[in-house]
Amino acid sequence: MRLSHVVAISSAALLAGCAVNPVTGERQLTLISEAQEVEMGRAAAEEVRQTIGLVDDARLQRYVRDVGLPLAKDSERPSLPWSFAVVDDPTPNAFALPGGFIFVTRGMMNLMESEAELASVLGHEVGHVTARHSVSQISQQQLAQVGLGLGGVLFPQIQPFGQAIGAGLQLLFLKHGRDDERQADELGFTYALRHDYDVGEMADVFESLQRLGDEGGSLPGWLTTHPSEAERIETIQARAAALPASDRGTVVRRAEYLNRIDGLVYGENPRHGFFKDGVFYHPDLRFQLPLPSEWSGRNLTSAVVAVSPRQDAAVELTVVPSKDARAAGRQFLGQQGITPLSTATESIHGLQAYVSVFEARTEQGVLRGLSAHVPYGGRTYQIVAYTPAASFQAYSGAFDRVVRGFGPLTDAATLSVEPKRMDIVRIGRAMTFDEVTRQYPSAVPPREVAVLNQVDDAGQRLSAGTLVKRVVEG
């Protein structure tokens, strides 16, 4: 969780129009105009920035933009307001929003090995936009009502009324079909080749994802609906082999790329909050919040949420704009459908909080909950615990421990925790990869380091001067 507030995306009316498939040349009926597409994508992109967050590295952001923008400007839709950014998420992923808003995750940046690989990934996402794949899905699914919110995605049984995730992120849950992915692969291949990138590097991206999956690493859910990595590797290699040798592209820029990601955070960033032994700790914001140990928690940029094993109770912590806890509490209770049952001002770990028991009427029935608005560190924290009214008594003890357990974080060791980072080393002599991992130890297992370096065999020999990734503490 970082200090940010969600921007909701507004609904847009659907207009009839046509898009041209850049591969087949066929005209495709779409119900969303280009202007609406851009408007929708821009609003959703702002929401991505606020709910997921961008990597705080202007040099890296500029580098990714400078690689992606020329590809987009040479595509079939050069006039779109193209933008490229790295989001602060550890899972290897990349996605495109309608209108030309492209994002690649920090996890994908960690996994890739060269600028040519980056160009192929960004080109693939540009392909989704030029072919209007998301727009086609939105039209088909009648997502003119994207303003309805995403509460049901996290907790479908209780449909929370809070704003843990904004509505515009519905666009990220659209799954492209296999044909769309194959088309985006072909377009990305073409765009990268136009800029003389070695398109054979595109296969290396999918080989890395395949290795990561084999090692049990975290992969984006969309891979389950995509063509298999093996199929994509084979197709890319065949496509590259069919080109004349002089036309296959020569630009790789491995050293330039690796130098750009040197020092990049690797894995989860504990500075933004982490769960440990039934407590959520936030070193940067210097607070802690106890949670039932068996509950599933999720740390979002704008919220911390946890749900019971039976998914019939939830807790949500957010930062609200008002610095007056009492005013913030009254504003919360004043929302349509919410009825206060009791209110009081009380001390929570020395902080004067506004506490209430409330009921909320939803489409799924009546919820009952406990809320607290707590002033701390110049901010007001809103903590809401809720469940169907019939279950409130059973959860009241747990709710009380959570809500009244919020307090300052004072443990020095927890306050000083730092994330793992990428460290690029240049080996001084020829050696096997196994020797490299022994001479330059990492904070993650050697097999994970091998995946990061796209190495299959620990006995693989590397020449003197080779740049190698490793992961170090802090």
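This is a predicted model: local features need pLDDT of at least 70, side-chain atom pairs count only at pLDDT 80 or more; totals for chains, interfaces and linings use all residues.
Start with the cores. The largest nonpolar core is built from 68 residues, and Met109 and Leu118 have the most contacts inside it. Helix 4 (residues 115-130) supplies the largest share of this core, with seven residues.

Next comes helix 11, which spans residues 325-333. Ala325, Ala328, Gly329, Phe332 and Leu333 are its buried residues. These residues cover an arc of only 135° around the axis, so they sit on the same side of helix 11. And what do the buried residues of helix 11 pack against? Their partners are strands: strand 12 (314-320), strand 13 (338-348), strand 14 (351-362), strand 15 (365-376) and strand 16 (379-388). At the start of helix 11, Asp324 reaches in with a side-chain oxygen, which comes to within 3.0 Å of the backbone nitrogen of Arg326.

Last up is Asn269, in the loop between strand 6 (265-266) and strand 7 (274-276). Is Asn269 buried or exposed? Its relative accessible area is 13%, and buried means under 20%, so Asn269 counts as buried. A polar atom of the Asn269 side chain lies 3.0 Å from the backbone nitrogen of Arg271. Asn269 also touches Arg106 and Pro419, again not counting residues up to four places away in sequence.

Methods: Residues are numbered from 1 along each chain as its sequence is written. Side-chain values use heavy atoms; hydrogens and water are left out. Buried means under 20% relative accessible area, exposed over 50%, partly exposed in between (1.4 Å probe, protein chains only). Helices (H or I, at least four residues) and strands (E, at least two) are DSSP runs, numbered from the N terminus. The arc is that of the directions from the helix axis to the C-beta atoms. Contact means heavy atoms within 4.5 Å. A polar contact is a pair of N or O atoms within 3.5 Å; within protein, one must be able to donate a hydrogen and the other to accept it, and residues adjacent in sequence count only if both atoms are side-chain atoms. A nonpolar core is a set of buried Ala, Val, Leu, Ile, Met, Phe, Trp, Tyr and Cys residues joined through side-chain atoms within 4.5 Å.
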